[in-house]
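Subject: the structure we talked about

Hi,

Here is the structure for you to open up and turn around. Have a look first, then read on for what I found in it.

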Amino acid sequence: MGQTHADPNGPLVYKGWYHFFYQYNPASAVWGNITWGHAVSKDLVHWFYLDLAMVPDRWYDINGVWTGSATFLANETLVMLYTGSTNESVQVQNLAFPEDPSDPLLRKWVKSEANPVLVPPKGIGTKDFRDPTTGWIGEDGIWRIAIGSKVGKTGVTLVFKTKDFVEYEQENILHSVNGTGMWECVDFFPVAVSGIAGLDTSANGGGVKHVLKASFDDDRYDYYAIGTYDLEKQRFIPDDPALDVGLGLRLDYGKYYASKSFYDPLKQRRILWGWVGENDSEQDDLRKGWASLQTVPRAVWFDDKTKANVIQWPIEEIDQLRSVELVVENELLRPGSVVEVGATDGVQLDIEVVFEFPDAAAIEEVEGDSVYSCSNGGGAAGRGVLGPFGLLALAEKNLTEQTAVYFYVAKSADGQFQTFFCHDETRSSLASDLTLGIHGSSVPVLADEKSISVRTLVDHSIVESYAQGGRRCITSRVYPTQALNGAAKLFLFNNATTAVKVQSLNVWHMDSVSMLPYPQLNR
């Protein structure tokens, strides 16, 4: 016995409560028997588990209640559209409603008698039609949803229009990219071109761009592009074709998949959840009795400085968990140095560090390297003029285990500089039978920005990092065997051949979130 959970489903706010649904197998620590788990919170930090929201008990979802999304219709009427795997393993879309709309906890759900409300259209494989988005309503008063699929090896997002969420008409292919394979867990939402406020999913027009995200079943990464939504033609047009979905940006460069966002009207923001899978074996998961977790919720908005990416940042409520702050300022890290940071507990930390960007003299010493990347640059053990330098988290005192979070400034053959942001997991554990690597990408650092920064959240076996204010993110799922509890340390390191200055380092102990059964369940 055990349990596992996966994709975030249908996140929403209802009568003052945040609701989080998730794919869940209550009977085993491996994927299968997919039901919907359900938890609620007033602040996204203190959570209560509720009974299962939906289980696979009808012919149209007997092989799994898969990913879905919530939509609020007129008068705040709530509907949930989700993918079911039928008794013949055909992927169909189904509709569900709260049994009691007056219940703020939404404890009971009723499946529509009209189910399935959508079946795979002509030309779409019966196992290639899944994960409906939140609906949006256009100026024409018609609702639309998007669903992921593929045609041959081309990943596609299909658009369907509806007036009542029961009857649908296929309208167009919203977007497609050749050679990207099956698109699942599609997300499509607007962002304001200035400011950090979120927008309702139906927002469009002046001052608005759109984000199209797809989870690629072939490589298990979440890709996105920024562009324009043409309502008349029902097309998404990326701002930069070179950064189209699957060709450019990822939401997270580590262990992160099947993300889903929702608009939070209580604080006028868009919040993003992502699933963190395992890097160990199924046998290990069965032994420990559970598998998979979620990242902290992230606020997401358009980067109005680069105008080319979104910003992701831990929601402000995560700051409630901070206590016992340690501050370091103007620390010079000499070449080859490793400096322990005196944090009392290295397993639950919230860290913010700012490094001074290297001066012109140091930059001139860098030789051109047209092939540097996080994965081929030697990891944290490599040496260059301007990198790697950063943090060693979940580190044993003799560094036999460590998870490195670092920057590397490289120069291409044409003389252009790039700052790379990476996680090196390869020495994170002495355990065997793990799939660990070095992950990351370049991160934009603008000409007028004189520093580079990262915020890193450490929680026992997960390390989440947000570089340069959240322009790039990396999540690592690690399995320390020695860097546990009081034995886990935090270090600053500089493996560059040039000294690096730490402008500021702030380290907080991070308290635990609460996850309890809802009190009434025990009465």
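Before the strands make sense, you need one rule: two strands pair if DSSP finds at least two bridges between them. Helices (H or I, at least four residues) and strands (E, at least two) are DSSP runs, numbered from the N terminus. With that in hand, β1 and β2 pair in the antiparallel sense, over 7 bridges. In general, strands of a sheet pair through backbone hydrogen bonds, in either a parallel or an antiparallel way.

A word on where this comes from: it is a predicted model, where local features need pLDDT of at least 70 and side-chain atom pairs count only at pLDDT 80 or more, while totals for chains, interfaces and linings use all residues. Residues are numbered from 1 along each chain as its sequence is written, and side-chain values use heavy atoms, with hydrogens and water left out.

**The sheet with β1**

Stay with β1 and β2 for a moment. Asn9 stands opposite Phe21 in β2. The two strands make a hairpin with 2 residues between them, and Lys15 in the turn has a positive phi of about 50 degrees. Of the 12 residues of β1, 11 are buried (under 20% relative accessible area, with a 1.4 Å probe and protein chains only), so β1 is largely enclosed by the rest of the structure.

On β1 there is also a parallel partner: 2 bridges join β1 to β21, and Thr4 stands opposite Ala291 in β21. Put together, this is an open sheet of 6 strands in the order β21-β1-β2-β3-β4-β37, with mixed pairing. Its edge strands are β21 and β37 (514-517), and each pairs on one side only.

**Another sheet**

Further along, 6 strands form an open sheet that runs β25-β36-β27-β32-β33-β34, and here the pairing is antiparallel. From one strand to the next, the twist averages 15 degrees (axes are lines fitted to C-alpha atoms, and angles run from 0 to 180 degrees between N-to-C directions).

Inside this sheet, β27 (residues 348-356) pairs with β36 (residues 500-510) over 7 bridges, in the antiparallel sense. Glu352 stands opposite Asn506 in β36.

Now look at Thr475, which is found in β34. Is Thr475 buried or exposed? Thr475 is buried, with a relative accessible area of 0%. Its side chain makes a polar contact with the side chain of Asp252, at 2.8 Å. (A polar contact is a pair of N or O atoms within 3.5 Å; within protein, one must be able to donate a hydrogen and the other to accept it, and residues adjacent in sequence count only if both atoms are side-chain atoms.)

Strand β19 (residues 257-264) has 7 of its 8 residues buried, so it is largely enclosed by the rest of the structure. It is joined to β20 (residues 269-276) by 6 bridges, and the two run antiparallel. Tyr257 stands opposite Trp275 in β20. The hairpin has 4 residues between the strands, and Gln268 takes a positive phi near 50 degrees.

**The pockets**

A pocket here is an open set of points on a 1 Å grid over the protein atoms alone, where a 1.4 Å probe fits, with protein on both sides within 12 Å along at least five of seven lines; lining residues have an atom within 4 Å of a point. The largest pocket holds about 1,100 Å³ of space. It is lined by 38 residues, and the closest to its centre are Tyr49, Leu293, Gln294, Val513 and Met515.

The second largest pocket has a volume of about 790 Å³.

Happy exploring!

Methods
Points joined across faces, edges and corners; volume = space filled by probe spheres on them. Buried < 20%, exposed > 50% of the residue type's maximum accessible area, 1.4 Å probe, protein only.
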